[in-house]
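Please keep the sequence and the 3D view at hand as you read.

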Amino acid sequence: MIRIKDGVTFIYSIGGFPILQAIKTSSRMLNKDFTITSGSDGEHNGIDDPHHFGDAYDVRSKDLDTVTKQQFLAELNNLLPKDKFYYFLEDEGTDNEHFHIQVRKGIKFTIQDYLSA
């Protein structure tokens, strides 16, 4: 199941849909709940940050064990092509640790891209 942290807001984009779908599929495959901690809300890196356009999401990792973190990244690797998406465990070992998942800079999706995937 995907959970949403209180206060998270969303702007939906065509590129963001595969990210949400990958989080949901990973949750089912791993039998774990994942919490989105940031959508289009929050403080990010400037006005061009993909969060502001619905092209990036953050997922809580602090409450997951090391194996589950590795499995989640492996699932993302299977579900999101690396030439179009970028994801990693950000700020590992800190209070701000989370998975950051985004559409790669310069990649633009159309509705046909989403429907044919």
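## The core and what builds it

The largest nonpolar core holds 21 residues, and those with the most contacts inside it are Ile23, Val59, Phe72 and Ile101. A nonpolar core here is a set of buried Ala, Val, Leu, Ile, Met, Phe, Trp, Tyr and Cys residues joined through side-chain atoms within 4.5 Å. Buried means under 20% relative accessible area, exposed means over 50%, and partly exposed lies in between (1.4 Å probe, protein chains only).

At least two residues of this core come from each of helix H1 (16–30), strand S2 (34–38), strand S3 (56–60), helix H2 (66–79), strand S4 (85–90) and strand S5 (98–103). H1 gives the largest share, five residues. Helices (H or I, at least four residues) and strands (E, at least two) are DSSP runs, numbered from the N terminus. In soluble globular proteins, nonpolar side chains tend to be buried together.

Before going further, a word on the source: this is a predicted model, in which local features need pLDDT of at least 70 and side-chain atom pairs count only at pLDDT 80 or more, while totals for chains, interfaces and linings use all residues. Residues are numbered from 1 along each chain as its sequence is written, and side-chain values use heavy atoms, with hydrogens and water left out.

Which residues does Phe72 contact, leaving aside its neighbours within four places in sequence? They are Ile23, Ser26, Leu30, Phe34, Val59, Phe99 and Ile101; contact means heavy atoms within 4.5 Å.

## Helix H1 and the residues after it

The buried residues of H1 are Gly16, Pro18, Ile19, Leu20, Ala22, Ile23, Ser26, Ser27 and Leu30. The end C-alpha atoms of H1 are 21 Å apart, which agrees with the 21 Å that its 15 residues should span at 1.5 Å a residue. That expected span is 1.5 Å times one less than the number of residues.

Just after H1, Asn31 takes a positive phi of about 55°, although Asn31 is not a glycine. Most residues other than glycine have a negative phi, and most peptide bonds are trans. Asn31 sits in the loop between H1 and S2.

Asp33 is in the loop between H1 and S2 too. Not counting residues up to four places away in sequence, Asp33 touches Met1, Arg3 and Ser27. Asp33 and Phe109 are 76 residues apart in sequence, and their C-alpha atoms are 28 Å apart in space.

## Other loops

Asp91, in the loop between S4 and S5, has a positive phi of about 55° although it is not a glycine. Pro50 is found in the loop between S2 and S3. Leaving aside neighbours within four places in sequence, Pro50 is in contact with Asp55, Ala56 and Gln102. Pro50 and Lys105 are 55 residues apart along the chain, with their C-alpha atoms separated by 8.1 Å.

| Residue | Relative accessible area | Class |
|---|---|---|
| Asn31 | 70% | exposed |
| Asp33 | 38% | partly exposed |
| Pro50 | 11% | buried |
| Tyr86 | 36% | partly exposed |
| Phe88 | 27% | partly exposed |
| Asp91 | 35% | partly exposed |

## Aromatic rings

Across the whole structure, a search finds seven aromatic pairs. The rings of Tyr86 and Phe88 have centres 5.2 Å apart and planes at 50°, so this pair is tilted. Rings of Phe, Tyr and Trp (its six-membered ring) pair if their centres lie within 6.5 Å; planes under 30 degrees apart count as stacked, over 60 as edge-to-face and the rest as tilted. One aromatic cluster is formed by Phe10, Tyr12, Phe17 and Tyr57.

## The protein as a whole

The secondary structure comes to three helices and five strands, and from the N terminus on the elements run β-α-β-β-α-β-β-α. Of the 117 residues, 41% count as buried. Among contacts with a separation of 6 or more, 61% are between residues 24 or more positions apart.

The C-alpha trace spans about 35 × 30 × 25 Å along its principal axes. The radius of gyration is 13 Å, which agrees with the value near 13 Å for a compact globule with 117 residues. This radius is taken over C-alpha atoms, and the globule rule is 2.2 Å times the number of residues to the power 0.38.
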